Amino acid sequence: MKVFKSIEELNSNLITCQKCPRLVKFRVEVGINNNRFKGEKFWSKPVPGFGDIEGEFLVLGLAPAPTGGNRTGRVFTGDKSAEFLMKNLFEAGFANQPFSIKIDDGLKLHNTYITAALKCVPPDNIPTKEELENCSVYLYNEIELMHNLKVVLTLGRIAFDSFKNYLNKKGFNTKDMKFQHGMHYDINGLRVYCSYHPSPRNVNTGVLNNEMFFNLLLEIREYIQKNKD
Ligand code: SF4
């Protein structure tokens with residue numbers, strides 16, 4: 001696996017990546033064919049992670065949203081999932097403001113880095129196994145660059161499985177790790193939490209609500225505070 005020595009080196013490689021032909025095509029098409037944001041120039045490239053790579057907390061999503069990260073160029077920015085996530089991160093003390101609407105909106109994350117398992121928007125939010133495998137080089141390098149990492153919050157099953165694959169590659173046994181909202185696993189000093197993804201579908205149908213998600217963030221905050229070096 002290619003190893004990047006810094007997040008800057010990783011991101012400069014990432015944003016020109018063309019490894020997945022289906023996604024390279026789709027990330028451009030969604031920008032051209034979008035009526036809601038007609039006239040707006042979409043980012044339409046792989047979307048880098050955002051926040052503090054030296055932080056202790058990693059929030060791992062699935063992929064950029066068509067009119068979220070793929071439009072604005074920042075992960076969890078400019079869509080409904082971002083709205084839900086940032087409101088809760090702010091209230092739990094992990095962000096300086098409760099909104100994430102555009103790349104220059106002043107958002108800063110505290111002790112936290114956010115990224116996605118797949119860096120390009122997939123059709124219907126469903127990546128192929130091969131695309132996830134292609135993109136894992138970036139995710140694994142980001143995780144390796146988080147030297148202070150203590151807690152990972154995986155948003156949805158695909159993010160959870162992607163993190164498990166990383167652990168498997170590192171030689172850890174993950175066979176007892178099952179996706180269940182609110183569940184956590186301790187592996188080699190690292191705590192891995194599961195949450196339903198804050199997608200509009202999950203939030204609108206009540207699968208995930210603010211209270212459930214906020215409580216999880218409070219538990220994580222408390223764990224980080226208790227385990228300060
Ligand atoms: S999904 Fe990842 S590997 Fe595939 S083209 Fe985008 S950045 Fe490259």
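Visitor: What covers the buried residues of α1?
Guide: Among the parts in contact (heavy atoms within 4.5 Å) are β3 (112-116) and α5 (129-145). Helices (H or I, at least four residues) and strands (E, at least two) are DSSP runs, numbered from the N terminus. By the way, this is a predicted model, where local features need pLDDT of at least 70, side-chain atom pairs count only at pLDDT 80 or more, and totals for chains, interfaces and linings use all residues. Residues are numbered from 1 along each chain as its sequence is written, and side-chain values use heavy atoms, leaving out hydrogens and water.

Visitor: Which residues of α1 are buried?
Guide: In α1 (residues 7-14), they're Ile7, Leu10, Asn11 and Leu14. Buried means under 20% relative accessible area, exposed over 50%, partly exposed in between (1.4 Å probe, protein chains only).

Visitor: Why do you say they line one face of the helix?
Guide: Looking down the axis of α1, its buried residues fall within an arc of 95°, so they line one face. That arc is taken from the directions from the helix axis to the C-beta atoms.

Visitor: Why is aspartate 161 called partly exposed?
Guide: Its relative accessibility is 33%, so aspartate 161 counts as partly exposed. You'll find aspartate 161 in helix α6 (residues 157-169).

Visitor: How far apart are aspartate 161 and threonine 174?
Guide: They're 13 residues apart in sequence and 9.9 Å apart in space, C-alpha to C-alpha.

Visitor: Which helices each supply at least two residues of the shell around the ligand?
Guide: That's α2 (21-32) and α5.
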